[in-house]
Structure formats: structure tokens, C-alpha cells
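Here is a short briefing for you to read beside the coordinates. Have the viewer open and follow along.

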Amino acid sequence: MRKWKKKHCLSILFVVFTMCGMLYLSSRKNNSAPFGEVISITQREMKSKFNNQDTFIAVVTRDNCKYCHEWNQMISDYLQDHDVTIYDLNIDKNKLSDENEIRKLFPSYIGTPNIFCVKDGKIVSQYDNMNGTLNAELFDKWVQKYAMEK
């Protein structure tokens with residue numbers, strides 16, 4: 001009788017934990033909260049990330065940039081299903097009117113939005129979006145190529 005109770009309790013616990021896990025996963029997929037995030041960052045914080053030899057994705061944006069608005073829309077949708085953190089250095093919010101200041105951090109900076117993959121404090125890739133190639137599918141291939149998804 002005792003063995004039966006023990007087995008019965010273990011079976012019930014297994015079913016409960018399995019259902020809880022399934023409910024969590026299904027609510028996560030239906031949840032409007034994204035997996036990934038975009039974090040606004042200052043020039044000083046960005047310098048620290050380089051100096052600390054961090055690995056991250058950085059984007060340089062402006063407030064009044066048509067392509068930045070397209071980027072924000074695309075990345076907002078993308079991050080719903082991808083666990084990626086992107087650090088946004090906004091030129092206007094950081095009052096970076098001198099492009100030479102930006103080029104100190106990103107020597108190949110050419111305009112906004114400009115997206116960089118940084119590994120161990122070194123820029124290893126710059127996403128080429130100058131030919132209208134700013135779309136989720138190509139961006140995802142770039143993210144996967146450099147293993148930037150958590």
C-alpha cells in the first residue's frame with residue numbers, strides 16, 4: 001500500500017511539473033513581451049563595453065532618420081522571437097554632432113542605422129544595410145553567423 005502511494009504521488013508530481021512547463025512555454029510564445037531587447041547606451045558606456053572586451057551588437061541611430069525608424073520597426077518584430085540584446089548609441093540623445101567622435105568607437109561608421117558585431121571588444125563585422133537589405137531574414141542570418149543570440 002505504501003509503495004502504491006509513493007508511486008502515485010510521484011506520478012502526480014510529474015504530471016503537474018510537465019503541465020506547468022508546457023503552460024510556461026505556451027504563455028511565453030503568446031506573450032507580447034519580447035525575448036530580446038534594445039538598450040539605449042551613452043558614448044561613455046559604449047567605450048566601457050569596448051574596454052571591458054565585451055561581446056555585443058551595437059547600433060548607431062538618429063532620431064530623425066527614416067531608415068532608423070524602419071530599423072526600429074523591424075527589430076521590434078524580430079526581438080519577439082529572438083533572444084538578442086542590442087546596444088543603441090543614439091547620436092541625437094548623446095549630442096554627438098561630430099562624426100569623428102563616432103568614428104573613434106566605430107571607424108567604419110558611414111551613416112545611420114549602422115550595426116556592428118563586437119566580440120571581445122573588437123569589431124568583427126558591420127551589417128551591410130546600405131542597399132536596402134535591412135530585413136529580419138538577412139539580419140537573422142548575420143546574427144546566427146556571429147553566434148550573437150543567447
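The notes below cover one histidine and the nonpolar cores.

This is a predicted model, in which local features need pLDDT of at least 70 and side-chain atom pairs count only at pLDDT 80 or more, while totals for chains, interfaces and linings use all residues. Residues are numbered from 1 along each chain as its sequence is written, and side-chain values use heavy atoms, with hydrogens and water left out.

- His69 sits in helix H3, residues 66-78; helices are DSSP runs (H or I) of at least four residues and strands are runs (E) of at least two, numbered from the N terminus.
- With a relative accessible area of 46%, His69 is partly exposed, a class that lies between buried (under 20%) and exposed (over 50%), using a 1.4 Å probe and protein chains only.
- Beyond its neighbours within four places in sequence, His69 is in contact (heavy atoms within 4.5 Å) with Asp63 and Asn64.
- A polar atom of the His69 side chain lies 2.9 Å from the backbone oxygen of Asp63.
- Pro113 is 44 residues from His69 along the chain, and their C-alpha atoms are 9.0 Å apart.

**Nonpolar cores**
- A nonpolar core is a set of buried Ala, Val, Leu, Ile, Met, Phe, Trp, Tyr and Cys residues joined through side-chain atoms within 4.5 Å.
- The largest one has 18 residues, and Trp71, Ile115, Phe139 and Trp142 have the most contacts inside it.
- Strand S2 (56-61), H3, strand S4 (114-119) and helix H5 (136-145) each supply at least two residues of this core, with the largest share, 4 residues, coming from H3.
- A second, separate core has 16 residues, including Leu89, Ile91, Leu96 and Leu105.

How values were computed. A polar contact is a pair of N or O atoms within 3.5 Å; within protein, one must be able to donate a hydrogen and the other to accept it, and residues adjacent in sequence count only if both atoms are side-chain atoms.
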